[in-house]
Amino acid sequence: MTLSQQLGILAIFAYFVGSIPFGLIVGRANGIDPRKAGSGNIGATNVGRLLGKRFFALVFTLDLLKGFIPMLIASAMVWPIAVEAKPYGLWMLVGAAAVIGHLFPVYLKFKGGKGVATSGGLLLGMFPYLTIPGVGCIATFLVVFTLTRTVSLGSIAAALAFTPIYLAAGLGFGWPVFGRQLPLLAFSLVLSGLIVYKHRGNIRRLIAGTEHSFRKA
């Protein structure tokens with residue numbers, strides 16, 4: 001079996017792992033269906049708002065691992081080959097499949113979360129090309145969240161910062177961002193757009209001044 005075939009199979013596995021609705025599982029285990037309370041979202045923010053800070057941390061970590069573990073496996077498969085021969089598109093596809101699974105989970109009729117934590121796991125797992133921009137996105141989120149106490153605003157800011165940080169890192173380190181790594185640049189734009197799109201309801205509430213701030217339960 002070729003490396004491309006192995007990565008293709010891993011991408012399918014990543015989609016089904018990404019589809020696991022940890023927010024719903026944790027919520028139901030504690031007597032709450034997050035789809036029917038709060039913002040109605042199964043993500044860590046809504047679960048944390050309903051059940052408390054430690055449940056936010058639990059769901060966020062589990063959702064992050066959905067993107068991180070498949071990418072870690074893919075990275076271990078890809079790195080032994082020569083740098084100039086690395087299949088960046090298929091490598092990235094594994095992580096993308098996990099994020100798509102979270103956004104459109106097969107187990108919940110394709111109605112999922114907003115993809116922030118799972119995307120973070122993808123970025124951290126694709127070392128170093130997306131790990132460095134991923135750390136920059138996390139820093140952006142933390143700064144905006146600390147200033148505003150609003151998770152959605154931090155998430156949107158981090159998503160918008162992703163492509164500029166990736167370009168800055170790539171040009172700084174001499175990566176072929178406009179060559180063999182062009183699939184990563186395209187992916188950064190698509191991922192950022194998807195996350196912002198999934199936050200369209202939050203954007204409307206931010207404009208109206210009615211968006212929830214993260215508070216201790």
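Biologist: Is Phe141 buried or exposed?

Modeller: Buried means under 20% relative accessible area, exposed over 50%, and partly exposed in between, with a 1.4 Å probe and protein chains only. Phe141 has 18% relative accessibility, so Phe141 counts as buried. Phe145 is buried too, at 14%. This is a predicted model: local features need pLDDT of at least 70, side-chain atom pairs count only at pLDDT 80 or more, and totals for chains, interfaces and linings use all residues. Residues are numbered from 1 along each chain as its sequence is written, and side-chain values use heavy atoms, leaving out hydrogens and water.

Biologist: How many aromatic pairs does the structure hold?

Modeller: Rings of Phe, Tyr and Trp (its six-membered ring) pair if their centres lie within 6.5 Å; planes under 30 degrees apart are stacked, over 60 edge-to-face, the rest tilted. The structure holds 11 aromatic pairs. One of them is Trp79 with Tyr129, stacked at 6.1 Å centre to centre and 15° between the planes. Trp79 lies in the loop between α4 (53-78) and α5 (88-103), and Tyr129 in the loop between α6 (116-125) and α7 (131-148). They are 50 residues apart. Helices here are DSSP runs (H or I, at least four residues), numbered from the N terminus.

Biologist: Why is the pair of Phe141 and Phe145 stacked?

Modeller: Their ring centres are 5.8 Å apart and their planes at 0°, so the pair is stacked. Both lie in helix α7, 4 residues apart, about one turn of the helix.

Biologist: Which residues do ring pairs link into a cluster?

Modeller: Trp79, Tyr88, Trp91, Tyr129, Tyr166, Phe173 and Trp175.

Definitions and conventions
Helices (H or I, at least four residues) and strands (E, at least two) are DSSP runs, numbered from the N terminus.
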